[in-house]
Each structure stands twice: as C-alpha cells, then as structure tokens.
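Open the model and keep the sequence beside it. We will walk through a helix, the cores and some aromatic rings.

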Amino acid sequence: MTGITTHGEKRLVLVSGRAHPQLAKDVARELDIELLPTTAYDFANGEIYVRFNESVRGSDVFVLQSHTSPINQWLMEQLIMVDALKRASAKRITVVAPFYPYARQDKKHRGREPISARLVADLFKTAGADRLMSVDLHAAQSQGFFDGPVDHLWAQPILTDYVRSRIDPARTSVVSPDAGRIRVAEMWAAKFGGVPLAFVHKTRDISKPNQAVANRVVGEVEGRTAVLVDDLIDTGGTIAEAVKVVLAAGASDVIVAATHGVLSDPAAQRLSESGAREVIVTDTLPITADKRFPQLTVLPIAPLLARAIREVFDDGSVTSLFDGVA
C-alpha cells in the first residue's frame, strides 16, 4: 500500500474577535474548552493586526465574531482572522457570525443598488472560510450566497420556551410586524398550539433608512396578549409603532420577541415608552448598559451556538437541533 496513513485525533479550536468577548467566553464554557490565545490590536491609522499565539495546523477552527457597531471594523477583523488561519494551515475554517453583517441588503429594491449580503459572503469565501454559521438570517435564501455549507441556526426554540412561560395561550395572538414575516409568525403560532395569527400592515419609504409607518392590524388581537415577533430590532421605530397600533386595536398587552437586539439609539427610549409589557432578545449582539431599559429581557444564545459547533465538529446533524427543521 502506497502513501502514509495516520490515525491522529481531530482538534476543535474556538477563536474570538473583540466585538463580543463575553459571548465567546460563554460558548467556550459550554464546550468545556479555552479560547485560542490571540493578539489583536489597531494601528494608529485604524489598520487591524491579528496573530494567534498557538499553532492551528490541521485544526477545525471556528471563528466567532458578533457584528455590532462599528460593524465594518468587526467584519474586517473577522476577515483578517480567517486569512491568518488559512495561512497557518488550519484544516477547516468555519465563520460563526451570530448576527450576519449586511443581512438586510439581500436584494435590490431599486436600480443601481448593491446586494451587500452577497458581497459579504464572497469576502468570507475569498478570505478562506470553508463553512458559515449564523442565527436567524434576515432572509433564509441568503444561505445561497455562500459557496459552501451554511448552518442556519434558529433562536425560536429559546424564545418560544421563555415566552410560553409569560402567556396564557388561550388568550394569545401571534403578530407579525409586517406582511414579510408572516411565515415566521405562523411557526410561532404553531408552537403555542395554533393560536390566532395577525399582522401589522405598514408602509416603508425605501429611500429612507429605518423609517416605516404602521397603519392597522389585520387579524384577531382584541382582548388578547399580542406576541410581536421579528428577527431584529434596530432603532426600534417599526416595533414601537407596531406595539401602539396593536394596543389601539384592543390588545390587552404586548410582548415583543426578536433574535437580534441591535438597539441603535434611540431604540431603548422608544421601546421603553412604547407600552410593551416586555421586550425579549438574545445576546447574539452585546447589549451595553446604555441600550438596556426596565422591560428588556436578554436570553443566552451560547448554548445553541455551542451545540451547533459540536455537531459540526463531530460530523453530526445540525438539523437535529431543531426537530428536523433548520
């Protein structure tokens, strides 16, 4: 028999950028490993330097970065980390981006616009990523932008388990903040045993960012707890307006649930004054003190990320984490 056969063990390595170090520590703790020691700093002109302080040759490396503000800095840092790993002979590189950067720019609304979500996927691939992992993409079809395996994780089980403890399903309706998220709202309604479904009819000026007008509620909400569900909350304008419209339609109270708490200013003020009983997000992004308000609840995403990372490393099934739906 020609050649050389080895029987070495695989090595899982978790690497973290500087955007959300607490999340990386939480994922490492769930995996019962330590983060790879890394040196990372900025030069005076803003250029980023990264070096890994241990060998990664032949390793299965997961590069975790949360793309919070300033998003372009953290995206560039992750790209540089992937490039460094490729040049250090890592066997497989998986980009773990809990909040996928530029996810909202996944199609052209008007002529001469970019599809930035596709550009980001191309950048990851060119840098040397073999695989991509993210949570609740803005549009599921964005998985097709990356030329390689994509693990699209869902935070819905985490959110629904918590919300179920806060409601009476017999007096609950699930509400989508717009017509585009109805499919997600349908899955939430099914999780609660087939509760009524409604959506907020809204209009948006596509020439102006972060601006939408909520007009009216379509569906049954009067006298019921309305659970408003979305993938992300940025400045909070859309959700705050939706809460007010739903309450005006006769809902007894409103709970807001979203995966990604971007919470750009003035989201904290808007949401705290919106009339919502509770606003629930996960910690895919860091929630700093200035973004917090009394009604906010933050649920941990680290257990889900750790389980998915372990399934990928063990050549298992990520889909099995979501009852066969992923």
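**A helix and its surroundings**

The buried residues of α2 pack against β1 (12–16), β2 (38–42), β3 (48–52), β4 (60–64), β5 (92–97) and α3 (116–127). This is a predicted model, in which local features need pLDDT of at least 70 and side-chain atom pairs count only at pLDDT 80 or more, while totals for chains, interfaces and linings use all residues. Residues are numbered from 1 along each chain as its sequence is written, and side-chain values use heavy atoms, leaving out hydrogens and water.

Some terms come first. Helices (H or I, at least four residues) and strands (E, at least two) are DSSP runs, numbered from the N terminus. Buried means under 20% relative accessible area, exposed means over 50%, and partly exposed lies in between (1.4 Å probe, protein chains only).

Which residues of α2 are buried? They are Trp74, Leu75, Glu77, Gln78, Leu79, Met81, Val82 and Leu85. Now check the length of helix α2, residues 71–87. The expected span is 1.5 Å times one less than the number of residues. Just after α2, Ser89 takes a positive phi of about 70 degrees.

Next, the cores. A nonpolar core is a set of buried Ala, Val, Leu, Ile, Met, Phe, Trp, Tyr and Cys residues joined through side-chain atoms within 4.5 Å. The largest one has 43 residues, and Val27, Leu153, Trp188 and Ile309 touch the most other members. Helix α8 (residues 302–313) supplies the largest share of this core, eight residues. Look at Val27, leaving aside its neighbours within four places in sequence. Val27 is in contact (heavy atoms within 4.5 Å) with Leu14, Leu64, Ala302, Leu305, Ala306 and Ile309. A second, separate core has 30 residues, including Val15, Met81, Val120 and Leu132.

Finally, the rings. Rings of Phe, Tyr and Trp (its six-membered ring) pair if their centres lie within 6.5 Å; planes under 30 degrees apart are stacked, over 60 edge-to-face, and the rest tilted. The count is four aromatic pairs. Tyr41 and Phe43 are edge-to-face, at 5.6 Å centre to centre and 75 degrees between the planes. Tyr41 and Tyr49 are stacked, at 4.9 Å and 25 degrees. Tyr41, Phe43 and Tyr49 form one aromatic cluster. Tyr41 counts as partly exposed because its relative accessibility is 36%. Tyr49 is also partly exposed, at 29%.
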